[in-house]
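Please open the structure in your viewer and keep the selection panel at hand. The tour below moves from one selection to the next and says what is there at each stop.

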Amino acid sequence: MMDKKNNELIKPSSAIPILLYHKIEPPAPTGTPSRSLSVHPKRFESQMRWLKAFGYQGLSICDLMPYLEGKKAGRVFGLTFDDGYRNVLQNAAPILGDLGFTATNYFVSGQIGGYNQWDVPRKIPKLPLMTELEMREWVDNGHEAGAHTISHPVLADLSHEAAQQEITDCKKVIEDAAGAPVKAFCYPHGSHNTNIRTLVENAEYTSATTTKKSHVRTGDERFSLPRITVRRTDPGLKVLFRCLI
Ligand SMILES: [Zn+2]
C-alpha cells in the first residue's frame, strides 16, 4: 500500500540513473586508501530496499537498453559494479535476487580468479576477483557480464594499438569464462576520448559506461553513459534522492 501511495507522488522521469558500485563488504579500517568505495552489505540492502519501496526496478545495462532507447518507459535504474569483486557475488547477489533486480558486473579479463593488481601502486587492499565458476554463477542468476579491458589501464595513455588490444581482446576471454555474450563495456578509471569510443564501438559492444556524474537521457550517446557513484557513507535515502533528481 505504501508503494502505491509513493508511486502516485513521484512520476517516472525521462532521466535514467545508472548507479556505480565497486565492493560490497564491511569497509577496511579508517585511513585505508579508497575505503569510500566499499559499501557495507547492510547499507547496500537499505539502498536497494528504499528504491524498491518507491517502485524502482534495478536493471543490468542489457535489461536497461530498451529504456535508454525510448522503447520502454518506467521507473528504472541501471545497476553496475566495476572490477568483478567476489564480495559482490557473495554479498550483493542474494539481495538482488530477493528484490528481483538484475545488474552488470564489468570484469578484467587478465585477472579472472585474481585480484585488483592495478590498485597495488596506490596501496589499496588486495581483494579476490570472481573465478570463471563464480562468473557463471553471476550470469546464471540473471545478471550480465560486461568487459573492463585486460589489465585495467588508463586507456587514453596507451598507443592506439595497445588500447585496441585492451578493448578487443578481453571480450572473447570474458565471454568464454562467463559462458555468455558480452556487449557492455566500461572504461577503467573513466578514461576515454573520441578515438577510444570508436574502438569500443568497432569491437561490437553496444554500450560503454564512464564515471561522469549525471543521469542518462533517452537518446543520449550510448558509448559515454554517465553514472552515479555510491559511496560508503551514502544512506539508502540519499541514494534514492539522487535517483529522483
Ligand atoms: Zn575499474
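Is W50 buried, partly exposed or exposed? With a relative accessible area of 31%, W50 is partly exposed, where buried means under 20% relative accessible area, exposed means over 50% and partly exposed lies in between, for a 1.4 Å probe and protein chains only. Before going further, note that this is a predicted model, in which local features need pLDDT of at least 70 and side-chain atom pairs count only at pLDDT 80 or more, while totals for chains, interfaces and linings use all residues. Residues are numbered from 1 along each chain as its sequence is written, and side-chain values use heavy atoms, with hydrogens and water left out.

**Aromatic pairs**

A search of the whole structure finds nine aromatic pairs, a pair being two rings of Phe, Tyr or Trp (its six-membered ring) with centres within 6.5 Å, counted as stacked if the planes are under 30 degrees apart, as edge-to-face if over 60 and as tilted otherwise. Select Y21 and F81, which form a stacked pair at 5.6 Å centre to centre with 25° between the planes. Y21 belongs to strand 2 (residues 18-21) and F81 to strand 6 (residues 76-83), so the pair ties together parts that are 60 residues apart in sequence; strands here are DSSP runs of E with at least two residues, and helices are runs of H or I with at least four, both numbered from the N terminus. Both Y21 and F81 are buried. F54 is buried, at a relative accessible area of 13%.

**The zinc ion**

Next select the zinc ion, which is coordinated by D83 (OD), H148 (NE2) and H152 (NE2) at 2.1 to 2.2 Å; donors are N, O and S atoms within 2.8 Å of the metal (3.2 Å for Na, K and Ca), and because water is not among the atoms, sites may look incomplete. D83 in strand 6 and H148 in the loop between strand 8 (144-147) and helix 6 (160-178) are 65 residues apart, and the pair links distant parts of the chain. D83 counts as buried at 5% relative accessibility, and H148 is buried at 1%.

**A last selection**

Finally, select S38 in strand 4 (residues 38-39), which counts as buried at 3% relative accessibility. Leaving aside neighbours within four places in sequence, S38 is in contact (heavy atoms within 4.5 Å) with K23, E25, P27 and R232.
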